[in-house]
Amino acid sequence: MNNRLVSIIVPIYGVEAYIEKCVISLMEQTYSDIEYIFVDDCTKDNSIKILETTLEKYPLRSSKTNIIRHEANKGLSAARNSGLLHSTGDYIVHVDSDDYIENDFIEQCVDKIIKTDADIVFTDRHFVYANIIKESHLCTYYDIREWRNALLSGRFPHAVWGCLIRKSLYTENNILSIEGLHQGEDFAVMCRLAYYVKKIDIVRKPLYNYLVRTNIYKYERKILNDTYLSWKVVDDFYKNTGIYYEVNEILWRRMLSFYIWQIRCWIELPSIKKEEAKYIKETFPRIRDYSQITVLKKLILILFKYEFYYSLKCYVSMLKLFQKFTFRRGLEI
């Protein structure tokens, strides 16, 4: 294999229960030309001690391992930026420190890069829950414009993990994670990278294992604000390109999806807080068009707009039950 240097970036904060499994999966890659960059985001637990103990078991990899230490906790985006700025590889792989990858993840991705000269190679993935592992397969797009539009619309995942990215996409276009964002940071990065991508490819094996630890329906003002700001970063970016006329409506519908998601998060609170409903309405732009969304989504918006909050709570509970008992994870509502 014609070797290319790959930089694996791993932010670390509060993952002492998971870091060993993550590191072992990285150290035991079948591909050899890898540099490892671990970013200690001022973690308060034993994550770094466990990391260092685990690394001692792999002396042949130690010369290519770098631990960067933040003086204060700066968040995931800042940690990824630190890793990127310290990287020397031709390609970047982001791995969350509570996740793990299959032993041939890098080899399979580099092999695709060499054969197809793709800018980004994705892999299928596993979502690891407490009692079950679900396999997820990505849709195939042969036209880069169709892929980009699918990414912007949410029909293709925007996570920066689970893929190998040509580093020059970042460096030549001055793209970094938006520091301070704790929600939507991947959306803001990947959607901007997508504008410069000429070709993608997919490894048709689930090589990335994503640990699902949290309930996605969680409402906080910080999450609400970050969700909107991440969308605005992307919207403002495309306004300065020559294709905004093409993606304008796609981005508008994506914002609408974020809006509905926040309504769902809010309605999941133990009690209905009307002041938070008002805050949601004030944060997002006025919704001007319901025509391009599903009936299920439209009903959420109508109930929310006219403040039928108890009816909305019952309706969302019914949708959750429907999803659960039909095993239709990711059902679009």
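Biologist: Which residues of helix H1 are buried?

Modeller: In helix H1 (residues 19-27), the buried residues are Ile19, Cys22, Val23, Ser25, Leu26 and Met27. Buried means under 20% relative accessible area, exposed over 50%, and partly exposed in between, with a 1.4 Å probe and protein chains only. Helices (H or I, at least four residues) and strands (E, at least two) are DSSP runs, numbered from the N terminus. This is a predicted model, in which local features need pLDDT of at least 70, side-chain atom pairs count only at pLDDT 80 or more, and totals for chains, interfaces and linings use all residues. Residues are numbered from 1 along each chain as its sequence is written, and side-chain values use heavy atoms, with hydrogens and water left out.

Biologist: And what covers the buried residues of H1?

Modeller: The cover includes strand S1 (6-12), strand S2 (34-40), H2, strand S3 (65-69) and strand S5 (100-101). Contact here means heavy atoms within 4.5 Å.

Biologist: Ser47 is in H2; is Ser47 buried or exposed?

Modeller: Ser47 is buried, with a relative accessible area of 0%. The helix that holds Ser47, H2, spans residues 47-55. Not counting residues up to four places away in sequence, Ser47 touches Ile12, Gly14, Val15, Glu16 and Ile19.

Biologist: Where is Ser97 found, and what is Ser97 in contact with?

Modeller: Ser97 sits in the loop between S4 and S5 and counts as buried at 6% relative accessibility. Leaving aside neighbours within four places in sequence, Ser97 is in contact with Val10, Pro11, Ile12, Tyr13, Val15, Tyr18, Ile19 and Cys22. The C-alpha atoms of Ser97 and Ile12 are separated by 5.9 Å, although these residues are 85 residues apart along the chain.

Biologist: Let us turn to H3. How many of the residues of H3 are buried?

Modeller: Eight of the eleven residues of H3 are buried, so the helix is mostly covered. The buried residues are Ser77, Ala78, Ala79, Arg80, Asn81, Ser82, Gly83 and Leu84. Their cover includes S1, S2, S3, strand S4 (91-94), helix H6 (168-171) and H7.

Biologist: How many cavities of 30 Å³ or more are there?

Modeller: The count comes to two cavities of 30 Å³ or more. On a 1 Å grid over the protein atoms alone, a cavity is a set of points where a 1.4 Å probe fits but cannot get out, and lining residues have an atom within 4 Å of a point. Grid points are joined across faces, edges and corners, and a volume is the space filled by probe spheres set on the points. The largest cavity holds about 60 Å³ of space.

Biologist: What lines the largest cavity?

Modeller: The lining consists of Arg80, Asn81, Leu84, His94, Val160, Tyr170, Ser177, Asp186 and Val189. Helix H3 (76-86) and helix H7 (185-194) each supply at least two residues of that lining, and the largest share, three residues, comes from H3. The lining divides into four nonpolar, three polar and two charged residues. Ala, Val, Leu, Ile, Met, Phe, Trp, Tyr, Cys and Pro count as nonpolar, Asp, Glu, Lys and Arg as charged, and the others, Gly among them, as polar.

Biologist: Now the helix pairs. How do the axes of H9 and H10 cross?

Modeller: The axes of helix H9 (residues 244-267) and helix H10 (residues 274-283) cross at roughly 170° and come within 11 Å. H9 and H10 are therefore roughly antiparallel to each other. Tyr259, Gln262 and Trp266 of H9 make the contact with Glu276, Ala277, Ile280 and Lys281 of H10. Axes are lines fitted to C-alpha atoms, for helices over the stretch in contact, and angles run from 0 to 180 degrees between N-to-C directions. Angles under 35 degrees count as roughly parallel, over 145 as roughly antiparallel, 65 to 115 as roughly perpendicular and the rest as oblique.

Biologist: And how do the axes of H5 and H9 cross?

Modeller: The axes of helix H5 (residues 144-153) and H9 come within 8 Å and cross at roughly 30°. H5 and H9 are therefore roughly parallel to each other.

Biologist: Lastly, is Thr283 buried or exposed?

Modeller: Thr283, which lies in helix H10, is buried, with a relative accessible area of 16%. Not counting residues up to four places away in sequence, Thr283 touches Leu224, Asn225 and Tyr228.

Note on methods:
1 Å grid on protein atoms, 1.4 Å probe; cavity = no way out; pocket = protein on both sides within 12 Å on 5 of 7 lines; lining within 4 Å.
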